[in-house]
Amino acid sequence: MSFLIRIVFAVAACAIMVVAAVLLVYAPYSAIEESLSGGRPVSHTLFSAVGYLIVAIALFDVAKYFFEEEVPAQRERRTAADARRGLTKFISTIIIAVFLEALVLVFETSRENVSDIVYPALLMGAGCVTLISLGLFQRLSASVEKDIGPEPESGTEPPLMDSNEPGPLASGPANR
């Protein structure tokens, strides 16, 4: 079953990369085509292309996350710290994409219809809430890791201490 799940993640990551690659090609193509046809102002066309490029980069990063975190067989037995780092990278990519898209929407709406600025502002607020949530998650998980200590490596037993050896909290000259 684990092999099947890894295959599904690999196929999904490849599909996401194909969509991202199409967007990377489509963005400049559409900007050039619309600029030459004179249908819309160049600034609007460029903002639209930037939006496509932002989404494409975010999609590439999501696919990269799948390939790094979900596809390899050895990643099944990872520590909580590894999972936290992987999730942080993934959510950080999403947050950056949300903030960049909100910024592009702010510029677009400020030129067209200022009364629609509420929607980009809500998107910016959603990005801020997500960023604060990520910070809270990092803080709580790091404090739990500090309190509990690092997880032992899978397949290895903790070394047995000789009763004559000082423990890790001993403060003798040999431990300094």
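R84 is found in helix α3, residues 80-112. What does R84 touch, not counting residues up to four places away in sequence? The list is F137, Q138, S141, A142 and E145, with contact meaning heavy atoms within 4.5 Å.

A quick word on what we are looking at. This is a predicted model, where local features need pLDDT of at least 70 and side-chain atom pairs count only at pLDDT 80 or more, while totals for chains, interfaces and linings use all residues. Residues are numbered from 1 along each chain as its sequence is written, and side-chain values use heavy atoms, with hydrogens and water left out.

Now the overall picture. The chain has 4 helices and 0 strands, and along the sequence the pattern reads α-α-α-α. Helices here are DSSP runs of H or I with at least four residues, strands are runs of E with at least two, and both are numbered from the N terminus. Of the 176 residues, 23% are buried. Among contacts between residues at least 6 apart in sequence, 70% join residues at least 24 apart.

Next, the inside. Which residues make up the largest nonpolar core? They are A13, I16, V62, A63, Y65 and F66, 6 residues in all. By nonpolar core I mean a set of buried Ala, Val, Leu, Ile, Met, Phe, Trp, Tyr and Cys residues joined through side-chain atoms within 4.5 Å. Helices α1 (2-37) and α2 (42-70) each give two or more residues to this core, and α2 gives the most, with 4. Take A13 as an example: leaving aside its neighbours within four places in sequence, A13 is in contact with A63, F66 and F67. There is also a second, separate core of 5 residues, including F47, A58, A97 and V104.

Let's turn to charged pairs. The structure holds 2 salt bridges, each being a side-chain nitrogen of Lys or Arg within 4 Å of a carboxyl oxygen of Asp or Glu. In one of them, K64 pairs with D61, and the closest N and O atoms are 3.5 Å apart. K64 and D61 are 3 residues apart in helix α2, so about one helical turn separates them. K64 is partly exposed at 38% relative accessible area, and D61 is partly exposed at 24%.

K89 forms a salt bridge with E68, with the closest N and O atoms 3.3 Å apart. Because K89 lies in helix α3 and E68 in helix α2, this pair ties together parts that are 21 residues apart in sequence. Both ends are partly exposed, K89 at 44% and E68 at 34%.

Finally, what does the database record say? In an unreviewed entry, UniProt lists residues 7-29, 49-67, 87-105 and 117-137 under "transmembrane region"; positions use the numbering here, feature names are shortened, and annotations may be inferred rather than shown by experiment. In the model, residues 49-67 are 100% helix and 0% strand, with the end C-alpha atoms 27 Å apart. Residues 117-137 come out at 95% helix and 0% strand, with the end C-alpha atoms 30 Å apart.

Technical notes
Buried < 20%, exposed > 50% of the residue type's maximum accessible area, 1.4 Å probe, protein only.
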